Amino acid sequence: MNAKKLLCALLAVVALFSVTACQQMLEPSVESLSIAGYDTEFTVGDTFDDGELVVTAKYTDETTKDVTAEATVTQNADMTTPGSYAVLVSFGGQTVAYQITVSAPEKVLESISVNATDAKLSYIVGETISYEKLDVVATYDDESCAYVTDYTTAVADEKGNVVE
């Protein structure tokens, strides 16, 4: 009788193992991921946003499925520092990566000033005007300043009309 019970128990274990193995064979696994619709360009101070990211899983049975809602997006971008950073998208044991770039914001010119302290300011009619010793300074919206060295000049009358 013990042999009969042992044989039944062994058959039950084999049957259970077979059913489990068959189920695993029937369930396809994720073979690869593809991504689309993500943002890659950011400016310092922006908040990371994966845009309209769409994650598609391709399974071993050649089917595909949109797994965007289930995918995990991981990034280490320092949004306060310009540079390139990796973004990882993972699902079903697979991971794909893409790069984002964080750029310094464009400066906006606020004003231009001319310092003529050391420049010659008075001329006699017919004398050639010298623009040497003029300091031209640009001031930007981030309160930074820079000397302007590549500029053009024109002579204007008292009404602001350019004189040839």
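**Close-ups of a predicted model**

Glu143 counts as exposed because its relative accessibility is 72% (exposed means over 50% relative accessible area, buried under 20%, partly exposed in between, with a 1.4 Å probe and protein chains only). This is a predicted model, where local features need pLDDT of at least 70 and side-chain atom pairs count only at pLDDT 80 or more, while totals for chains, interfaces and linings use all residues. Residues are numbered from 1 along each chain as its sequence is written, and side-chain values use heavy atoms, with hydrogens and water left out.

**View A. A negative patch on the surface brings together Glu110, Asp141, Asp142 and Glu143.** Patch members have over 30% relative accessible area and no salt bridge (a Lys or Arg side-chain nitrogen within 4 Å of an Asp or Glu carboxyl oxygen); like charges are joined within 9 Å, and nonpolar side chains within 5 Å. Glu143 sits in the loop between strand E9 (135-140) and strand E10 (145-147). Asp142 is in the loop between E9 and E10, and counts as partly exposed because its relative accessible area is 44%. Its C-alpha is 6.9 Å from that of Lys107, 35 residues apart along the chain.

**View B. Ile129, Tyr131, Tyr151, Val155 and Val163 make a nonpolar surface patch.** Together they have about 360 Å² of accessible area (Shrake-Rupley method, 1.4 Å probe). Ile129 lies in the loop between strand E8 (109-115) and E9, and counts as partly exposed because its relative accessibility is 34%.

**View C. The largest nonpolar core has 19 residues.** Such a core joins buried nonpolar residues through side-chain atoms within 4.5 Å. Phe48, Val55, Ala57, Phe91 and Ile100 have the most contacts inside it.

How values were computed: Lys and Arg count as positive and Asp and Glu as negative; His and the chain ends are not counted. The place of a charge is taken as NZ of Lys, CZ of Arg, CG of Asp or CD of Glu. Helices (H or I, at least four residues) and strands (E, at least two) are DSSP runs, numbered from the N terminus.
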